[in-house]
Amino acid sequence: MLQDSFEISVLYDFYGPLLSEKQQRFVELYHGENCSLTEIAQEAGVSKQAVSEGLKRAVKALRTYEEKLGL
């Protein structure tokens with residue numbers, strides 16, 4: 001889990017600007033500030049499910065960027 005969070009943080013440093021603003025905010029709050037899905041959902045005015053799905057899409061996009069660009 002810690003390794004996964006570190007990997008995402010590194011990928012976010014490289015490719016974060018390629019994500020949507022909402023995805024960037026979700027990743028920053030979840031992985032950078034250790035906020036819970038509930039806290040993020042309340043701040044964004046969306047459901048926990050929406051946050052979860054947004055994070056999954058963001059992480060998948062970050063890994064895809066790394067696979068294709070390899071920075």
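These legends accompany several close-up views of one predicted model.

The model is predicted, so that local features need pLDDT of at least 70 and side-chain atom pairs count only at pLDDT 80 or more, while totals for chains, interfaces and linings use all residues. Residues are numbered from 1 along each chain as its sequence is written, and side-chain values use heavy atoms, with hydrogens and water left out.

View 1. With a relative accessible area of 1%, Ile40 is buried; buried means under 20% relative accessible area, exposed over 50%, and partly exposed in between, with a 1.4 Å probe and protein chains only. When its neighbours within four places in sequence are left aside, Ile40 is in contact with Phe26, Leu29, Tyr30, Cys35 and Val51, contact meaning heavy atoms within 4.5 Å. Ala50 is ten residues from Ile40 in sequence, and the two are 10.0 Å apart in space, C-alpha to C-alpha.

**View 2. The crossing of helices α2 and α3.** The axes of helix α2 (residues 21-32) and helix α3 come within 10 Å and cross at roughly 145 degrees; these axes are lines fitted to C-alpha atoms, for helices over the stretch in contact, and angles run from 0 to 180 degrees between N-to-C directions. The crossing is right-handed, a term used if the near helix is turned clockwise from the far one by less than a right angle. On the α2 side Arg25, Phe26, Leu29 and Tyr30 take part, and they meet Leu37, Ile40, Glu43 and Ala44 in α3.

**View 3. Salt bridges of Arg25.** Side chains of opposite charge can pair when their charged atoms come close. A salt bridge is a side-chain nitrogen of Lys or Arg within 4 Å of a carboxyl oxygen of Asp or Glu. The side chains of Arg25 and Glu43 meet in such a bridge, at 3.2 Å from N to O, and this pair links distant parts of the chain, with Arg25 in helix α2 and Glu43 in helix α3, 18 residues apart. Arg25 also forms a salt bridge with Glu28, the closest N and O atoms being 3.8 Å apart; both of these residues lie in helix α2, three residues apart, about one turn of the helix. Arg25 is partly exposed at 33% relative accessible area, and Glu28 is partly exposed at 31%, whereas Glu43 is exposed at 52%.

**View 4. The salt bridge of Asp4 and Arg63.** The side chains of Asp4 and Arg63 meet in a salt bridge at 2.4 Å, N to O. The pair links distant parts of the chain, Asp4 in helix α1 and Arg63 in helix α4, 59 residues apart. Asp4 is partly exposed, with a relative accessible area of 32%, and Arg63 counts as partly exposed at 33%. Asp4, Glu7 and Arg63 are linked in a network of salt bridges, and the structure holds five salt bridges.

Technical notes
Helices (H or I, at least four residues) and strands (E, at least two) are DSSP runs, numbered from the N terminus.
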